[in-house]
Structure formats: C-alpha cells, structure tokens
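Visitor: I'm new to this one and would like to talk through some of its side chains. Could you show me the structure before we start?
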Amino acid sequence: MAFQFTDAHFHETAIDNKGITVVDFFAQWFAACRAITPIIEELSTTYDGKALIGKVDVDDNAELSAKFGIRSIPTILIMKNGEVVDTIVGAPSKQALVDKIEAQLVAA
C-alpha cells in the first residue's frame with residue numbers, strides 16, 4: 001500500500017529521506033486521481049526498499065499543497081534526497097512513471 005504523507009510528518013519522511021521519494025498529490029473525488037491510484041499502489045510495492053512512494057490528499061493537507069504550489073491534480077513530484085527533481089502534472093501512464101523513477105535510481 002502506498003505511503004500516506006501528511007502535513008505533520010512530510011518533512012521527516014520525504015524531505016529528510018536520503019533516496020528517491022515519489023509523492024502523488026491527489027483528491028479522492030477527482031476521477032483522474034482515482035484512475036492512477038492503482039498504478040501508485042502497484043509501484044509502491046514494486047519499488048519497496050528502493051523508493052518511497054506515497055500520496056498526499058490535497059483536501060486534508062493544504063499546507064503541503066501550498067508549499068509545493070500544487071494547482072492541478074494529480075501532480076506527482078519525484079524527489080531525490082529531499083529535493084524535487086521532476087514534476088508530472090496530469091495522469092501519467094504506468095510506463096512514464098516507471099521510466100522517471102528508474103532514471104533517478106540509475107543516477108543515485
């Protein structure tokens with residue numbers, strides 16, 4: 001199951017993470033977000049131990065959404081050692097996400 005990031009612990013789980021973190025900013029009521037949920041869930045299992053993959057519910061975590069300037073959902077941030085290295089706005093394909101994660105793992 002994908003990790004659930006919140007305003008309260010984002011810094012210690014994502015910013016302080018020494019590795020790859022993938023953060024899906026989503027809303028449960030939005031169809032495009034629901035459509036990629038199975039992909040995020042699958043990738044969180046596939047990359048367990050290699051990358052931290054999780055979700056931020058924008059309705060419950062307005063502070064994080066504001067901090068990262070999230071204006072459209074879904075928005076996926078790919079972070080490396082706590083820094084945003086890539087951003088995907090919209091619903092990417094599974095392969096597009098895999099390619100971006102793999103690129104960061106190879107560069108790690």
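Visitor: Is Phe10 buried or exposed?
Guide: Phe10 is buried in this predicted model, with a relative accessible area of 2%, where buried means under 20%, exposed over 50% and partly exposed in between, using a 1.4 Å probe and protein chains only.
Visitor: And why is the pair of Phe10 and Phe68 edge-to-face?
Guide: The ring centres of Phe10 and Phe68 are 5.5 Å apart and their planes lie at 70°, so the pair is edge-to-face; rings of Phe, Tyr and Trp (its six-membered ring) pair if their centres lie within 6.5 Å, and planes under 30 degrees apart count as stacked, over 60 as edge-to-face and the rest as tilted. Phe68, for its part, is partly exposed, at 22% relative accessible area.
Visitor: Which residues do ring pairs link into a cluster?
Guide: The cluster consists of Phe3, Phe5, Phe10, Phe25 and Phe68.
Visitor: New topic: what sits over the ring of Phe26?
Guide: That is the charged end of Lys55, 4.1 Å from the ring centre, and a charge counts as over a ring if NZ of Lys or CZ of Arg is within 6 Å of the ring centre and within 35 degrees of the ring normal.
Visitor: How should I read the numbers?
Guide: Residues are numbered from 1 along each chain as its sequence is written, and side-chain values use heavy atoms, leaving out hydrogens and water. As the model is predicted, local features need pLDDT of at least 70 and side-chain atom pairs count only at pLDDT 80 or more, while totals for chains, interfaces and linings use all residues.
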